[in-house]
Amino acid sequence: MVMMENNDRLLEEFFAANRHEVADNGFSQRVMRRLPARSRQLAQIWSICGFTLVVVLFVALDGIHLLGNAFQQLFNNLLEHGAAEFDTRSMAIAGVVVLFLIYKKIASMA
């Protein structure tokens with residue numbers, strides 16, 4: 001343990017005595033300024049490509065028709081089996097929350 005502390009102290013002294021600053025003429029600053037903008041642009045491009053792919057697949061695989069059928073079956077089942085237990089206020093609140101989350105996601109992509 002004492003040997004390790006001694007070695008650490010010797011290394012610190014050596015590096016402190018032999019420290020040399022390298023002039024980069026602002027290179028590091030230029031690199032740091034460009035990195036976030038490029039990564040943000042790449043993230044936006046990936047998001048747009050992913051969103052476009054989802055929309056194309058949704059339309060190509062007849063998602064609109066399938067979604068319409070699913071909602072039609074849902075409402076038919078509600079009317080047949082659970083109309084007495086159906087709480088419209090809860091469904092309205094859930095719908096508003098879902099719409100808010102969709103809006104928030106779309107707004108964060110811009």
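Let me begin with how helices are assigned: helices are DSSP runs of H or I with at least four residues, strands are runs of E with at least two, and both are numbered from the N terminus. What we have here is a predicted model, in which local features need pLDDT of at least 70 and side-chain atom pairs count only at pLDDT 80 or more, while totals for chains, interfaces and linings use all residues. Residues are numbered from 1 along each chain as its sequence is written, and side-chain values use heavy atoms, with hydrogens and water left out.

I will start with helix α1, residues 2-17, whose 16 residues reach 23 Å from the first C-alpha to the last, close to the 22 Å expected at 1.5 Å a residue, where the expected span is 1.5 Å times one less than the number of residues. This helix is hardly covered, in that the count of buried residues among its 16 is zero; here buried means under 20% relative accessible area, exposed over 50%, and partly exposed in between, with a 1.4 Å probe and protein chains only.

Turning to the aromatic residues, how many aromatic pairs does a search of the whole structure find? The search finds two, taking rings of Phe, Tyr and Trp (its six-membered ring) as paired if their centres lie within 6.5 Å, with planes under 30 degrees apart counted as stacked, over 60 as edge-to-face and the rest as tilted. F14 and F15 form an edge-to-face pair, 5.4 Å centre to centre with 70 degrees between the planes, whereas F71 and F75 are stacked, at 6.5 Å and 25 degrees. F71 and F75 both lie in helix α3, residues 63-81, four residues apart, about one turn of the helix.

Finally, F71 and F75 are also among the residues that make a nonpolar surface patch of about 910 Å². Patch residues have over 30% relative accessible area and no salt bridge, with like charges joined within 9 Å and nonpolar side chains (Val, Leu, Ile, Met, Phe, Trp, Tyr) within 5 Å; the areas come from the Shrake-Rupley method with a 1.4 Å probe, and for residues only the protein chains shown count as cover. Helix α3 gives the most to this patch, with five residues.

Notes
Salt bridge = Lys/Arg side-chain N within 4 Å of Asp/Glu carboxyl O.
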